[in-house]
Amino acid sequence: GMGVRCHNCAATVTPLWRRSANNEPLCNACGLYLKLHAMHRPKHLQQIASGGASGSGRGKTTKVLLEQEYPSKENASSLAPLSQTLPTASSMPPSCTNCETTLTPLWRKDDAGEILCNACGLYYKLHNRHRPISLKRNVIRRRSRYESKVVA
């Protein structure tokens with residue numbers, strides 16, 4: 001939203017706004033840190049963010065730190081579980097260890113840390129076993145959440 005500032009690091013730009021238990025706005029980095037460590041993100045991880053009072057500078061710094069702390073799929077080879085399944089993350093896209101698809105809206109992991117596509121990951125979470133290959137579709141089907149209104 002407009003004029004939103006992270007309650008922890010004062011960032012004004014972030015890929016995703018999150019909220020603390022007290023409903024205070026948090027930038028993505030501070031929100032993820034709080035969720036993972038059950039404590040606010042320490043100042044030493046916010047590095048250059050304290051320099052300068054302009055909101056835009058702080059936001060850019062937070063985004064740079066985010067890319068270092070939470071690597072994207074492109075530089076995912078720095079993550080141990082991914083580097084074991086992928087020779088090089090840049091030469092080939094991740095693939096589901098269950099159905100071998102490379103196309104999914106969200107990558108998930110099973111209890112053993114194996115990479116799963118969204119469908120296999122949700123199936124595993126719900127049924128506590130891997131999704132049968134017979135359920136695999138070649139097309140990602142979107143849910144229709146609203147009734148279609150016919151205009152006469």
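The model discussed here is a predicted one. A disulfide is a covalent bond between the sulfur atoms of two cysteines. To count as one, the two sulfur atoms must be within 2.5 Å. The structure holds zero disulfides. Cys9 is likewise in no disulfide, and the nearest cysteine sulfur, which belongs to Cys6, is 3.7 Å away.

Are Cys9 and Cys96 buried or exposed? Cys9 has a relative accessible area of 8% and is therefore buried. Cys96 is also buried, because its relative accessibility is 1%. The limit used for this class is under 20% relative accessible area.

## The chain as a whole

The protein chain contains four helices and four strands. Read from the N terminus, the order of these elements is β-β-α-α-α-β-β-α. Of the 152 residues in the protein chain, 31% are buried. The accessible surface comes to about 11,000 Å², and carbon and sulfur atoms account for 54% of that area. Contacts may also be sorted by separation along the sequence: among those between residues at least 6 apart, 25% join residues at least 24 apart.

Which residues form the largest nonpolar core? It has eight residues, namely Cys96, Cys99, Trp107, Ile115, Leu116, Cys117, Cys120 and Tyr124. Strand 4 (115-116) and helix 4 are the elements that give two or more residues to this core. Another core, of seven residues, lies apart from it and includes Cys9, Ala11, Leu26 and Ala29.

Leaving aside neighbours within four places in sequence, Tyr124 is in contact with Asp110, Asp111, Leu116, Arg129 and His130.

In helix 1, which spans residues 28-37, the buried residues are Asn28, Ala29, Cys30, Gly31 and Tyr33. One of these, Ala29, is also a member of the seven-residue core. The residue that follows helix 1 is Ala38, and its phi is positive, near 55 degrees.

Helix 4 has Asn118, Cys120, Gly121, Tyr123 and Tyr124 as its buried residues. What covers them includes strand 3 and strand 4. Helix 4 is followed by Asn128, whose phi is positive, near 60 degrees.

## Two asparagines

Asn98 is found in the loop between helix 3 (80-85) and strand 3 (108-109). Asn98 counts as buried because its relative accessibility is 18%. A polar atom of the Asn98 side chain lies 2.8 Å from the backbone oxygen of Arg131. Beyond its neighbours within four places in sequence, Asn98 is in contact with Leu116, Cys120, His130, Arg131 and Ile133.

Asn128 lies in the segment after helix 4 (118-127). Its relative accessibility is 60%, so Asn128 counts as exposed. With neighbours within four places in sequence left aside, Asn128 is in contact with Asp111 and Tyr123. Asp111 is also one of the contacts of Tyr124.

## Residues brought together in space

Some pairs of residues are separated along the chain, and the distance between their C-alpha atoms can be stated for each.

| Pair | Separation in sequence | C-alpha to C-alpha distance |
|---|---|---|
| Asn128 and Asp110 | 18 residues | 9.2 Å |
| Leu135 and Cys99 | 36 residues | 9.5 Å |
| Val13 and Cys27 | 14 residues | 7.6 Å |

Where do Leu135 and Val13 lie? Leu135 is in the segment after helix 4, and Val13 is in the segment before strand 1 (18-19). Leu135 has a relative accessible area of 42% and is therefore partly exposed. Val13 also counts as partly exposed, because its relative accessibility is 44%.

Definitions and conventions. Residues numbered from 1 in each chain as written. Predicted model: local features only at pLDDT ≥ 70, side-chain atom pairs only at ≥ 80, totals over all residues. Heavy atoms only, no water. Buried < 20%, exposed > 50% of the residue type's maximum accessible area, 1.4 Å probe, protein only. Polar contact = N/O pair within 3.5 Å; in protein donor to acceptor, adjacent residues only side chain to side chain. Contact = heavy atoms within 4.5 Å. Core = buried A, V, L, I, M, F, W, Y, C linked by side-chain atoms within 4.5 Å. Areas by Shrake-Rupley, 256 points an atom, 1.4 Å probe, with all protein chains shown as cover.
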